[in-house]
Amino acid sequence: MTHPAFEPLRRHSIPALRLEFQEYRHGVTGARHLHLAADDPHNAFMVAFLTVPQDSTGVAHILEHTALCGSQRYPVRDPFFMMIRRSLHTFMNAFTSNDWTAYPFASQNKKDFNNLLDVYLDAAFFPLLDEHDFAQEGHRLEFARPDDAASELTFKGVVFNEMKGALSSPTQRLGHALQSRLFPTTTYHHNSGGDPEVIPNLTHKQLKAFHARHYHPSNAIFLTYGDIPAAEHQERFEAQALRRFQALQLDLAIPPERRYAAPLADLIHYPFDGGQDPRDQTHIVLGWLLGPITDPLATLRARLLSDVLLDNSSSPLRHVLETSELGTAPSPLCGFDTATREATFVCGLEGSNPEHADAVENLIFTVLRQVAAAGVPQDAVDAALHQLELSEREITGDGFPYGLHLLMEALTPAIHGGDPVAALDSDPLLEQLRTESRAADFIPNLARQLLLDNPHRVRLTMAPDPALAAKQAAAERERLAAIRATLAEADQARLVEQARTLAERQQRQDDPELLPKVGLEDVPPDLKIAEGVARPVGALPAHWYAQGTNGMVYVQTLLDLPALEPDELDLLPLFCACLTEVGSAGRDYRTTQARQAAVTGGLSARASVRGGVDDINQVKGVLVLAGKALARNQAALSDLLWETLTSARFDELPRLRELVAQMRAQREEAITHHGHLLALAAASASLSPVAALNHRWEGLQGLQYLKALDDALDEAGALAAFAARLERLRDRLQGLPRQLLVVSEAERQDVIAEALAARWRDGSTATVEPFALAAPDAQPTRQGFQVNTQVNFCAKAYPTVAPNHPDAAALHVLGEFLRNGYLHRAIREQGGAYGGGAGYHPDSGAFRFYSYRDPRLAGTLADFDQALDWLQTYDHPARTLEEAVLGVIGAIDKPGSPAGEAISAFFGALFGRTPEQRRAYRQRVLAVTLDDLKRVAATWLQPEPARCAVLSDARTLAEQADWVIITV
């Protein structure tokens, strides 16, 4: 059934995804509706617009933020964040890509879904776009003391600071610069997120004009997934938005890029901490412009070539990049990318030096010429095809709802007029590709056509400049001084008045009842938890979960960790990182990597340590070796897991050297992406054994250990000594008690059990001293970590209670309550940070505040304290408690993938988070009162044991008195 306002265009069944693709067109406006009909109550929605900015002011990005700040039907200041609190959503966000802007959400509750749909439709098509919201979200001039025109003039704005943070990442800066050179004449030449040097040029008038031109149904694609029929969605689309529009003739299509006749080479610089050695800190990459992504077969061919060249350490180009003396690791940009209308391919090195640019280019071209002349083994092509098949088969959804994942796959070609069916139903194309790839000259021809004979190529070298950060800061100060010099007294008064009215607007309490909501009465009565059965494999304990995995099999083996010496404890995460990257069963590492790619979706190892539910100091730890495969390869997966666990080779010393260098590069690159997590880990480190271990393994202490190791491995004998330590730890772990976890479809489990029994029959009966952690060392009250960044990441942590303590549930709700009622306004809206909040962390028994990409430091730490004063001194409406409880329940109830839900249930029970414990905790959350929040805050959040940690630059940290400063 179709709504009369829409014309059905086609239906296409996709058995591999267990859904039907349906396409419709709105009769009046021409708006497209793509619906993926599936027997799944986890419904998803997205409306997307082709957005083609012609400068780097960030107009599309700032519009995405500002559109969510109030609309005609919902004239409240902040409907997006208010709906987050009034919803049981599983996902809510908005995205600005290179050439589209999208507004997605997902929910398992139909009432909630329709509430969100109404708000999203009104926000997209009828936003208020108030000038104050533009100033808050985009950019504004404001005095350092907003009511004092004699104080320093500053730039403020959420997106302004967000992009300062984003471009603090060298890889993001490199990516934008490379794209700008690969696309000299089209919209991709510009930074769609915004360049902080250009963002202040955007006017409110330009923002409104961009919305009028781009956010029209004639330029829109509606995408839906789930069990709500398309006609129901269309009825709301028509009633809430489309009936108010006529067709609009638009010419927004992005033209093909003008092709270079000869390759281009360029040198740029990035800010670098002047206290560190700039040697071996240069990025050198080559980028090619390929064909349009609207040709699905050509796109798949190019992806296959990229995978053959770069997928794993046995791939020819990745192998050369990993082993080259010209750099420390392959560039994070390496690979094939379809985020632009014409795809790109990039490869190169990080950790190099500017004078190596020619040598890096020659190195890459030597490999490409070898591939063009001699081809690659057919096994390598088949393995790459296997990986493509596996990626299409697997049902994801642990971090991002599966339905939205499919909608994103459909959007990429659809936004440019391509066929979304080909992106979703790739089996026919994969079969054609398998046939084509049997030809001996298939890969050589692709290498020549797409890369060697393609002159539209850019070589970009990005070198560190220790003086650049100071130059950029000085340039911004000079720009502000020049602006200030032109300000008449009336202009200064206008800025003071703008700051006053914006502050008033930010403090205004809008009527939340203007917005739809769900309440506690809409919360499901029970928590769904996957159930498994215990059935041994021989003498080995095994746990089996029957889930709808779409032909995938997941196998994990767990070893109970023994008591470890401090040196072993530091080594364990490195052991896990290396375990699946080295050779095994007598094979060298390249042969092993090739085998993994041919028969699995990857192997991984990790150590998992958690505190007890009754006592966070009572810890349990396991080593986990995990793998996944298509069902037809489950026996090969079992063999590889066994071989990896029992016969991993740590005698290939150059390989170990490469892996440590790559780990260091990845961890250093991640600092500005995950700075708030690093600050939280540092602030919490002295509060519990698990928190201390997190800082030691995943935090900045772990990075310092890794850097020291990396620096030391070039000394004589150091690498062999490191390998010997890994071998000793491997041998020590062999006799530990172990068990298996298997997740698959029920009908496959007997066959899987037979294959496992051939390898995993014996269980260990060894008695070992149980794993334990010492009490954490004392930490300074205030620590500042000096990193390369233009913004700050702040954290404050308090010791509290274990998960089963009667106050734990109230502390959990308190985090949501403080974020909703105080921190969001103070830290994001008024302070200009991209994000901030608070929360109870049950594994470490800590309550923690944080900010993300924050222009402030002292003011944010003061806001953390003032939030607690606000809690105790203000009267709070009952609805604010309900909103906080809903937020916690939504997080507890959030679904994952079929496999992910089973794995989560198993590990929860392993660490004492049994179904009974989780359901009881959920009931305690539902029973929390406002008095509980005030009581637990007064009881546990006292100033004396609290610890603060921040990540910032050297200049900002130098201004902080009584802080311990640590250079990372």
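The legends below describe close-up views of a predicted model.

In this predicted model, local features require pLDDT of at least 70 and side-chain atom pairs count only at pLDDT 80 or more, whereas totals for chains, interfaces and linings use all residues. Residues are numbered from 1 along each chain as its sequence is written, and side-chain values use heavy atoms, with hydrogens and water left out.

**View 1. Strand β23 and its residue G784.** Strand β23 spans residues 782-786 and contains G784; strands (E, at least two residues) and helices (H or I, at least four) are DSSP runs numbered from the N terminus. G784 has a relative accessible area of 0% and is buried, where buried means under 20% relative accessible area, exposed over 50% and partly exposed in between (1.4 Å probe, protein chains only). Because 4 of the 5 residues of β23 are buried, the strand is largely enclosed by the rest of the structure. Beyond its neighbours within four places in sequence, G784 is in contact with V950, L957, W963, V964, I965 and I966, contact meaning heavy atoms within 4.5 Å.

**View 2. Parallel partners of β23.** Strands pair if DSSP finds at least two bridges between them. Strand β27 (residues 947-952) runs parallel to β23 and is joined to it by 5 bridges, with Q783 opposite A949. Strand β28 (residues 964-967) is also parallel to β23, through 4 bridges, and here G784 stands opposite I965.

**View 3. The salt bridge between E322 and R655.** The side chains of E322 and R655 meet at 3.0 Å, N to O; a salt bridge is a side-chain nitrogen of Lys or Arg within 4 Å of a carboxyl oxygen of Asp or Glu. This pair links distant parts of the chain, 333 residues apart: E322 belongs to helix α10 (residues 316-323) and R655 to helix α22 (residues 653-669). E322 is buried at a relative accessible area of 5%, and R655 is buried at 1%.

**View 4. The salt bridge between D570 and R696.** The closest N and O atoms of D570 and R696 are 2.6 Å apart. D570 lies in helix α19 (residues 566-579) and R696 in helix α24 (residues 689-697), so the pair ties together parts that are 126 residues apart in sequence. D570 is buried, at 18% relative accessible area, whereas R696 is partly exposed, at 23%.

**View 5. The salt bridge between R879 and E883.** R879 and E883 form a salt bridge of 3.4 Å, N to O. Both residues lie in helix α30 (residues 878-893), and because they are 4 residues apart, about one helical turn separates them. R879 is partly exposed at 26% relative accessibility, while E883 is buried at 6%.

**View 6. A network of salt bridges.** R657, R664, E668, K707, D710, D711 and D714 are linked in a network of salt bridges. The structure as a whole holds 65 salt bridges.

**View 7. The largest cavity.** A cavity is a set of points, on a 1 Å grid over the protein atoms alone, where a 1.4 Å probe fits but cannot get out; lining residues have an atom within 4 Å of a point. The largest cavity holds about 80 Å³ of space. Its lining includes I14, E389, R393, D425 and L430. Helix α12 (378-393) gives the most to this lining, with 3 residues.

Terms used
1 Å grid on protein atoms, 1.4 Å probe; cavity = no way out; pocket = protein on both sides within 12 Å on 5 of 7 lines; lining within 4 Å. Points joined across faces, edges and corners; volume = space filled by probe spheres on them.
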